[in-house]
Amino acid sequence: MTPPYKTRTQMVMENLRGRILRGEFPAGAPLRQDAIAKELAVSRIPVREALMQLEAQGLVKFEAHRGAVVTMLDASAIEELFYLRALLEADTLFHAVDKMTEATFAQAEAILAQFDHALESGTQIEHWAELNHSFHATLYQAAGRPLALDLIAQINLSCDRYVRFELLFASDGVDKAEREHAQLLELCRARRKHEAVVLLKQHIEAAGQSIKRILASGHKN
């Protein structure tokens, strides 16, 4: 299969986003447009467009006299992002459970296996949050609520760095994620939607609180 065409802006954005999520560009690091353009053999235009997309995702901000810099992890943003996630995702899951099919469960299991392998092997760090969202989104798809799904996807883009942060630094982050994802899938398969919604809300809210505790302990990126 021919890979989908990507513009220069998309390629630059994905390159920079991956490096930010892997910690190659730590919080507060400047992102020099000239240097990036030279390294990636593109003009400054796609670099600036890519940085603006990353700004919309909360990964980059533009400062006077400094230009683009990697944003700091923000405890106040965590509170709002994970509150919105819990609210929207729990409601969407509630409307999805009764409409899920065996194909839904098979796809969710396949993504979960890939995610678990990435977590246990410590590889694909920049894709951890993406795989996490893909698993959840597969369960929500059956709800047939495209506006809610779009909002959830946008919020999860802003959460990517925080999710990776928790999985890296929480003492039980990986084990807890694997265990709760498996439980959530089984509850959905059994059509126990009220229990599934409760577990999902607890799962998301606990992740937000865990990230805040890690930040308070002194971790910055």
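Colleague: How many residues of domain 1 are in contact with domain 2, and how many of domain 2 with domain 1?

Modeller: Keep in mind that this is a predicted model. Start with the bounds: the domain assignment puts domain 1 at 8-70 and domain 2 at 75-217. Now the count: ten residues of domain 1 are in contact with eight of domain 2. The C-alpha centres of the two domains are 27 Å apart.

Colleague: What area do domain 1 and domain 2 bury between them?

Modeller: About 850 Å². Carbon and sulfur atoms carry 49% of that area.

Colleague: Which residues form a salt bridge there?

Modeller: Look for a side-chain nitrogen of Lys or Arg within 4 Å of a carboxyl oxygen of Asp or Glu. Here the count between the domains is one. D160 pairs with R17, and their closest N and O atoms are 1.9 Å apart. Helix 1 (residues 8-21) gives the most to the domain 1 side of the contact, four residues. By class, that side has six nonpolar, two polar and two charged residues.

Colleague: Where is D160 found? Is D160 buried or exposed?

Modeller: D160 is in helix 7 (residues 146-169). For burial, the cut-off is under 20% relative accessible area. D160 has 6%, so D160 is buried.

Colleague: Which residues does D160 touch, leaving out those up to four places away in sequence?

Modeller: R17, L21 and A129. R17 is also the salt-bridge partner of D160.

Definitions and conventions: Residues are numbered from 1 along each chain as its sequence is written. This is a predicted model: local features need pLDDT of at least 70, side-chain atom pairs count only at pLDDT 80 or more; totals for chains, interfaces and linings use all residues. Side-chain values use heavy atoms; hydrogens and water are left out. Domain bounds come from an automatic or database domain assignment. Contact means heavy atoms within 4.5 Å. Buried area is the accessible area (1.4 Å probe) that two parts lose on being put together, summed over both. Helices (H or I, at least four residues) and strands (E, at least two) are DSSP runs, numbered from the N terminus. Ala, Val, Leu, Ile, Met, Phe, Trp, Tyr, Cys and Pro count as nonpolar, Asp, Glu, Lys and Arg as charged, and the others, Gly among them, as polar. Buried means under 20% relative accessible area, exposed over 50%, partly exposed in between (1.4 Å probe, protein chains only).
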